[in-house]
Structures are given as structure tokens and as C-alpha cells.
Amino acid sequence: MRAGGRTLAVAGLALLMLSACGGGEPRLMNLRSATDGPDEFSILPPKALELPESLVDLPAPTPGGSNLTDPTPNEDAVAALGGRPGAGAAGDAGLMNHVGRYGRAAGIREQLAAEDLTFRSKNRGRPLERLFSLNVYFRAYKKQSLDQQAELDRWRRAGARNPSAPPEN
């Protein structure tokens, strides 16, 4: 290879490496799908069928409308926490007062988002990891992760019953 060809190859390699160090929002998880297939996380199992006390109470069928067996995870969570399903976060003052009984910080979501962006910017991985889109998420957040087995042991020593346990590696 001639000197001009080597110079061009080195310049191309340097350009490729610099493009891997590019700006933008740091991404620690590099998950991509080559297809527009279904999202398996959007599939929710239906509620169990029940016969109402009176068939007159059944809503009229509406094309494209909701069904009594349609899953409503958000409303179910609100009901489990003692709120009124369908009232919304702003409309259910009792629930909001209960979950904020120990205090709440205004703007906590924005603050956490900004802190996480700073953290991800510092822990983006090495240049070759970025170049090959390697997943550095678990290594970056390892110091913040919970030791499941130690936590399980702590709760068992405290006398708490555990109907299930995380699998051991």
C-alpha cells in the first residue's frame, strides 16, 4: 500500500472512531429491532369472565369500545392503593395525600431525569463499546443495584414471610 493509501485508511479509521464518540443523549442500553413486529410487552391478559348479578347491568356493545374483561392496570393499581379508579391522579385527593404522607419533593421527576442524564454521560462506556453499540447498562448501574439474596435474608431475619424468592444465580 502506498503512503497516500495508508494516510487515507488512517484518516478513515480516525473519522469512524470520532463518530462513535459523538454527542447526543447517552444510551447505555443498545436494543434494536430490525422488524416492526408486535411489542410483546403491550400484550396484557384479559380479566376473568364473570356472570353479573343482573344481565341488565351489562353495557351495550360498542364497536371499538372497551369490554368488562379488558385489562386496566393503572386503575387496578389505584384501587389497590385505596384510590378511586377513573378519578385520575389530580381528581383523587385522598390517594395523593396518602402516598405523599411522608412528604414529597416538587419537581422530583425533572431532578431525577437531570441527575440520570449526568450519570449516563459519565458512564457511556469505552470508545470501542460505543463504536460497536455494546450494552453497558448493567455495568454502569451495578453499584446502585440491590443484592436480592442479601435483601431476602435481611427480611427473613426480621421475621417477614416471603412467599417467593428471587432465583439464585
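Author: A pocket is an open set of grid points with protein on both sides within 12 Å along at least five of seven lines, and its lining residues have an atom within 4 Å of a point. In this predicted model, the second largest pocket is lined by Lys47, Ala48, Leu49, Glu50, Leu51, Pro52, Leu58, Asn67, Leu68 and Thr69.

Reader: Thanks, that helps! What volume does the second largest pocket have?

Author: The volume of the second largest pocket is about 210 Å³.

Reader: And how do the residues of its lining divide into nonpolar, polar and charged?

Author: Six are nonpolar, two are polar and two are charged. Lys and Glu count as charged, so Lys47 and Glu50 from the lining belong to the charged group.

Reader: Where is Thr69 placed, and which residues does Thr69 touch?

Author: Thr69 sits in the loop between helix H1 (3-20) and helix H2 (73-80). Leaving aside residues up to four places away in sequence, Thr69 touches Pro46, Lys47, Ala48 and Leu49.

Reader: What makes Gly86 count as buried or exposed?

Author: Here the cut-off for exposed is over 50%. Gly86 has 63% relative accessibility, so Gly86 counts as exposed. Gly86 lies in the loop between H2 and H3, and its C-alpha atom is 6.4 Å from that of Glu75, 11 residues apart along the chain.

Reader: What is the secondary structure of the protein as a whole?

Author: The protein has eight helices and zero strands. Buried residues make up 8% of its 169 residues, and its accessible surface comes to about 14700 Å², with 58% of that belonging to carbon and sulfur atoms.

Reader: One last thing: where is confidence lowest, and where is it highest?

Author: Confidence is lowest in helix H3 (residues 88-91), with a mean of 62, and highest in helix H8 (residues 148-157), at 89. For the protein, the mean pLDDT is 77, and 76% of residues reach 70 or more.

How values were computed. Residues are numbered from 1 along each chain as its sequence is written. This is a predicted model: local features need pLDDT of at least 70, side-chain atom pairs count only at pLDDT 80 or more; totals for chains, interfaces and linings use all residues. Side-chain values use heavy atoms; hydrogens and water are left out. Helices (H or I, at least four residues) and strands (E, at least two) are DSSP runs, numbered from the N terminus. Contact means heavy atoms within 4.5 Å. On a 1 Å grid over the protein atoms alone, a cavity is a set of points where a 1.4 Å probe fits but cannot get out, and a pocket is an open set with protein on both sides within 12 Å along at least five of seven lines; lining residues have an atom within 4 Å of a point. Grid points are joined across faces, edges and corners, and a volume is the space filled by probe spheres set on the points. Buried means under 20% relative accessible area, exposed over 50%, partly exposed in between (1.4 Å probe, protein chains only). Accessible areas come from the Shrake-Rupley method with a 1.4 Å probe; for residues, only the protein chains shown count as cover. pLDDT is the predictor's confidence in each residue, from 0 to 100.
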